Amino acid sequence: MNIRASEALTPAAKADLLRSLHLDGPPLLLANAWDVASAAVIAATGAPAVATTSAGVAWSLGIPDGNVLGRRLAVELIARVVRAVEVPVTADIEGGFADDPAGVGETIHAVVDAGAVGINIEDVAPGRDDSLRPTDDQARRVEAARIAAAADGVRLFINARVDTYLRLVGDPAGRLDETAGRAQAYLAAGADGIFVPGVVDPDTIRQLVSAIPAPLNILVGPGAPTVSELEELGVRRVSLGSSVAAAAYAVADRAARELAGSGTYESVRSELPYPTLNELVS
């Protein structure tokens, strides 16, 4: 669906569209944005939705990733992205920018007010890259997000992230069961989809699809199965995550090194035309 060619959608219609993109047709493909310009560029390709990457947002603001960004700056960016594109926006809110479920609810009110109709919320324990929140604690946070969105009258698509594979949590032999158990608890608490980053093995993905009764989101990059292969496995959402932002910064790194080294400029040969970018953000 080409949103730019249609009438502007209401927030309720955007929420319904985002939900339908997880259920019908091919998988939802998300090249995650980190600022207004990247969101506008992605939407202009015909993408049916725009997702933000918390890591990219944090880096662009001079803040490290990992629940450091904070609610105010995150919501301000979400609002700017929503105003810049006509497609549904789903926002990465890390762990919810709050210490407790009530605080997660406050974050959701702010995110919905900013215009987002979907979120990612992760279960990594703050300050600990190698541990996750207890399952029941994270389930309460997901429930708080669902209650807050319902109070605001928005069918927010809650994509609950399970970091068992990305953080290599627990015994490898029991990791799939742990992931499925967490996923089922989050779904019972009100989540709509499950995001399991760190998995690219087709057999593991197939087992996750079978064990999780909801749309499965996989994080991709070089070496991951192709979109068509993931679709055959039953994956419903495919995300590039922070890698697009990281690749953009890699261009800046190469260009600066080339300029200072050989004195040439080939690293920026494939830039988008100035008029195109100006038009997209206007």
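**View 1. I121 meets its partner across two strands.** In this predicted model, I121 has A160 in strand 5 as its bridge partner. Helices (H or I, at least four residues) and strands (E, at least two) are DSSP runs, numbered from the N terminus. Strand 4 (residues 118-122) and strand 5 (residues 157-161) run in the parallel sense and share five bridges; two strands count as paired if DSSP finds at least two bridges between them. Because the model is predicted, local features need pLDDT of at least 70 and side-chain atom pairs count only at pLDDT 80 or more, while totals for chains, interfaces and linings use all residues.

View 2. A160 sits in strand 5 and is buried, at 1% relative accessible area (buried means under 20%, exposed over 50%, partly exposed in between, with a 1.4 Å probe and protein chains only). On the strand 6 side, the bridge partner of A160 is I194. Strand 5 and strand 6 (residues 193-195) also pair in the parallel sense, here over three bridges. Setting aside neighbours within four places in sequence, A160 is in contact with I121, Y186, A191, G193, I194 and F195, where contact means heavy atoms within 4.5 Å. Take A191 from that list: A160 and A191 are 31 residues apart in sequence, yet 6.1 Å apart in space, C-alpha to C-alpha.

**View 3. Strand 5, covered on both faces.** Five of the five residues in strand 5 are buried. F157, N159 and R161 take one side, I158 and A160 the other, and all are buried.

View 4. Eight strands form an open sheet in the order 1-8-7-6-5-4-3-2, with parallel pairing. Strand 1 (28-30) and strand 2 (50-51) are the edges; each has a single partner strand, so one side of each is left without a neighbour in the sheet.

**View 5. Two helices crossing.** Helix 2 (residues 36-44) and helix 11 (residues 274-281) pack at about 95 degrees, with their axes 9 Å apart. The axes are lines fitted to C-alpha atoms over the stretch in contact, and angles run from 0 to 180 degrees between N-to-C directions. The two helices are therefore roughly perpendicular (65 to 115 degrees; under 35 is roughly parallel, over 145 roughly antiparallel, and the rest oblique). V36, A37, A40, V41 and A44 of helix 2 meet L277, L280 and V281 of helix 11.

**View 6. An aromatic pair.** Searching the whole structure turns up one aromatic pair. The ring centres of W34 and Y249 are 6.5 Å apart and the planes stand at 50 degrees, so the pair is tilted. For Phe, Tyr and Trp (its six-membered ring), rings pair if their centres lie within 6.5 Å; planes under 30 degrees apart are stacked, over 60 edge-to-face, and the rest tilted. W34 belongs to the loop between strand 1 and helix 2, and Y249 to helix 10 (residues 243-261), 215 residues apart. W34 is buried at 12% relative accessible area, whereas Y249 is partly exposed at 35%.

Note on methods:
Residues are numbered from 1 along each chain as its sequence is written. Side-chain values use heavy atoms; hydrogens and water are left out.
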